[in-house]
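Reader: Could you walk me through some of the labels used for this model, and what stands behind them?

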Amino acid sequence: YYLNKRACEFDPDRAMLFQLAPTLPPRKWYLRLRRMDGSYYQESLRTSDYIKAKHIALQKYAAFLHAEGKGVVFGEQRFSPLFRKFIKKKRFKKTRKAYLDSLFTNYFDEFFGSMNVGLVNQKVFNKYIDFRVSYWSEKQRKGEEVYRTARLVPSAKSLKMERDIIIQFLRWLHSEEVIASVPSLQLSDALTPGHEVKRKKTRGKPIPARRLASIMAKLRWFAFKQEHRIDDPRHDFARKRLYYFALVATNFLMRPGTEMTGLRWKDLELVRSERSGLTIAHFTIRQGKTIGFHTGVEERKSVGTYRGTLHLLRWRSICREVGKDGPEDYVFPNWDGSLCRTPNLTNLFAKKTREWELDRGPGGEKITLYSLRNTAISRRLLLSGWDPMRVAKAAGTSLRWISEAYADDQMVSPSRIDEYANTAKEGYTSIEPKEEDEIAALLKELGI
């Protein structure tokens, strides 16, 4: 099996060159090195020239001793193969893995490629940021394909997330004894005044009431009255899902992201108001920006308006028709019942508002699903007579965004649930009698 086995002069006890008999001439030379623990490292030198093979073997041996001196296991050192191994071994959640795969395919593999992971330092990271900041704009300049969802100008937050992932990867390599230490990689040192980077939030500013009404009217038309609709129940479901997603975001003041996509029907509670006699819906939110270890908040309540309760019951009736209204079912699922990722909704919303020429506010700012929620918050302040503290609690946000301080309690007390369902300045309801009758009919239909 082995041909021409030759001990290397620089360390005949631990280094050997050889060829493999099953291979065809001219046969390539292989190097085998014995580690201190008795295991072996073996690699093809990709040459059939013995003199050249000895020269390459000496270089490999020097790197082998250097790694050994640092207590690092010598072996695969290339960035891309190791990053693939990192994704596979860490067993990330499906959404996290999809994000890492996207980063690797678009940026990491192209920039780092076969680079030795031991060479990744602040200088290399600075060059990566240069590459990353101009990545999509450079493709556009060259006439290459640019994804519809690609941001020509990346945000500082996105770059920080990519830096954190690189650090996480390097820490994993250190734990696997592939590298001796983990560099700090400071984003502040990599970004320069010449870099065009978004540094402000782009979640969506409030928009005029007429623009909001136009968008909601178009979404309703898209969901129910569009002509020449494709006879596909999946598309029909997706259109209605977007419409009711927007309605729930504006009537419950929930963030149109993880807060809403992670909701399940078991998180919904319907309460009969002692004051008005009406049914009020409220959700227990267990995921999202304000929930988790970093905030110290395990969950919060989100109370809908009376009309919001009506919209939600209409949506649940639709979900029941397709068998997606069980306690463990997502409130806004994919057609197959799986978790609907936020981009599925935001991308469809962006596409349709562009088609309808309703994607920009009066000042040219981009309108997003967050714009609808933020508009609802503004209108709640202006038209309902609510004070900023009450609005902050209902929206699960801080008073720094609304006034100048923080709300201490982000939980809505069940005893005060009427106050959060009522958005009229006078009286207890802001819906018509016929809508009250429809709520009652839906509750009977759904058996609630």
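Author: Gladly! Patches are made of residues with over 30% relative accessible area and no salt bridge, with like charges joined within 9 Å and nonpolar side chains (Val, Leu, Ile, Met, Phe, Trp, Tyr) within 5 Å. This is a predicted model, where local features need pLDDT of at least 70, side-chain atom pairs count only at pLDDT 80 or more, and totals for chains, interfaces and linings use all residues. Residues are numbered from 1 along each chain as its sequence is written, and side-chain values use heavy atoms, leaving out hydrogens and water.

Reader: Which residues form the positive surface patch?

Author: Arg148, Arg151, Lys351, Arg354 and Lys366 form it; Lys and Arg count as positive.

Reader: Why is Arg148 called exposed?

Author: Exposed means over 50% relative accessible area, buried under 20% and partly exposed in between (1.4 Å probe, protein chains only). Arg148 has 54% relative accessibility, so it counts as exposed. Arg148 sits in the loop between helix H5 (135-141) and helix H6 (156-175).

Reader: What makes Leu253 buried?

Author: Its relative accessible area is 1%, so Leu253 counts as buried. Leu253 also has a positive phi, near 55 degrees, although it is a residue other than glycine.

Reader: And why is H11 said to be largely enclosed by the rest of the structure?

Author: Because 12 of its 16 residues are buried. Among them are Leu310, Trp315 and Cys319.

Key. Accessible areas come from the Shrake-Rupley method with a 1.4 Å probe; for residues, only the protein chains shown count as cover. A salt bridge is a side-chain nitrogen of Lys or Arg within 4 Å of a carboxyl oxygen of Asp or Glu. The place of a charge is taken as NZ of Lys, CZ of Arg, CG of Asp or CD of Glu. Helices (H or I, at least four residues) and strands (E, at least two) are DSSP runs, numbered from the N terminus.
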